[in-house]
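User: Hi! I would like to learn how to read a few features of a protein model. Could you take me through them?

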Amino acid sequence: MSTVHMSTIVFVTAVRHHASDAELALAPVNGEALLTHTVRGLLALPDLDLVVVAAPERCAHLFSAALTGLEERCRIVPGSSLKHAFDTVEKEIAGNPVFLVHDALRAFTPADTVRTVADAVRAGFPFVVPVLPMADTVKVTDAAKVITGTEDRAHLRTAQTPLGFTRETFLSYVDKPSLDGAHTVAGHPDAMRVTTSFELKLAEAIAVAGEEEETL
C-alpha cells in the first residue's frame with residue numbers, strides 16, 4: 001500500500017469506562033495533571049494539526065486550567081460526547097485527515113506508537129488499533145464461579161489508544177463504537193491506562209525518566 005500524506009486530528013476523551021474518569025484525568029503526576037501530559041505529548045508531534053478535548057461539563061473549567069498554555073493547537077469542547085466534539089469542530093476540518101481517538105488516561109503513550117497508528121491509516125488501513133499480546137493466563141468460569149477451562153491466549157490482545165480512522169470509519173465509530181474489523185499494530189507498555197495508585201506511581205516514574213532524558 002502506498003503512503004499518502006494526510007493531516008491529523010486527535011480527539012481526546014476523558015470518559016470512556018467510568019464516570020470518575022474525568023476526575024482521574026486531573027490526577028497529578030510529577031506536578032501536572034495526567035491530561036496535561038497527554039495533550040502535551042500529542043502536540044509534540046509535528047504533523048498533528050489539532051487536538052480536540054471532550055471535557056465533561058462538570059469539570060470543563062478544570063480541564064481548561066490544566067491545558068493553559070497549550071491552546072494554540074488544542075480545543076476544549078464542553079461535553080463528553082465524541083459526536084458532540086466532532087460536530088463542534090467539523091467546519092474546521094478540511095479534506096480527509098487521519099482521525100485519532102485517544103484516552104486521556106493513557107498519558108504516556110510513546111510518540112512512536114501514535115505515529116505508527118497514523119501511518120497505518122495513511123498507508124490504507126481504514127481502522128487501526130494498537131494492541132499488546134495477552135500476558136496473563138485467562139480462565140473461564142461458569143455461573144457458579146467455578147473454573148471450567150483455560151482460554152487460549154495465542155490470539156488474545158489488549159487494546160490501547162489512539163485508535164486511528166479515516167473520516168468514514170471515524171463517523172461509523174462515533175455512531176456505534178466497536179473495535180471489530182480493526183487492523184492491529186504494536187502497542188507499548190507505557191501506554192497503560194492510569195487508574196490505580198500503583199499505576200500512578202508507574203506514571204510518575206515514566207514522567208521523571210522522561211525529564212531526565214531531556215536534560216542529558
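Analyst: Gladly; we will go through a helix pair, a cavity, a salt bridge and some backbone details. Keep in mind that this is a predicted model.

User: Next, cavities. How many of 30 Å³ or more does the structure hold?

Analyst: A cavity is space where a probe fits but cannot get out. The structure holds 1 cavity of 30 Å³ or more, and the largest cavity has about 60 Å³ of space.

User: What lines the largest cavity?

Analyst: Its lining consists of Thr8, Leu45, Asp47, Leu48, Val114, Arg115, Ala118, Asp119 and Arg122. Helix α5 (residues 111-122) gives the most, with 5 residues. The lining divides into 4 charged, 4 nonpolar and 1 polar.

User: With charged residues there, how should I read a salt bridge? Which residue does Asp47 pair with?

Analyst: Look for a side-chain nitrogen of Lys or Arg within 4 Å of a carboxyl oxygen of Asp or Glu. By this rule the count comes to 8 salt bridges. In one of them, Asp47 pairs with Arg122, with the closest N and O atoms 3.5 Å apart. This pair links distant parts of the chain, 75 residues apart: Asp47 lies in the loop between α2 (34-43) and β4 (48-55), and Arg122 in helix α5.

User: Finally, the backbone. Which residues does a cis peptide bond join?

Analyst: Most peptide bonds are trans, and most residues other than glycine have a negative phi. In this model, Thr161 and Pro162 are joined by a cis peptide bond, with omega about 15°. Pro162 sits in the loop between β10 (157-159) and β11 (163-165).

User: And where is Asn30?

Analyst: Asn30 is in the loop between β2 (28-29) and β3 (32-33). Asn30 has a positive phi, near 55°, in a residue other than glycine.

Note on methods: Residues are numbered from 1 along each chain as its sequence is written. This is a predicted model: local features need pLDDT of at least 70, side-chain atom pairs count only at pLDDT 80 or more; totals for chains, interfaces and linings use all residues. Side-chain values use heavy atoms; hydrogens and water are left out. On a 1 Å grid over the protein atoms alone, a cavity is a set of points where a 1.4 Å probe fits but cannot get out, and a pocket is an open set with protein on both sides within 12 Å along at least five of seven lines; lining residues have an atom within 4 Å of a point. Grid points are joined across faces, edges and corners, and a volume is the space filled by probe spheres set on the points. Helices (H or I, at least four residues) and strands (E, at least two) are DSSP runs, numbered from the N terminus. Ala, Val, Leu, Ile, Met, Phe, Trp, Tyr, Cys and Pro count as nonpolar, Asp, Glu, Lys and Arg as charged, and the others, Gly among them, as polar.
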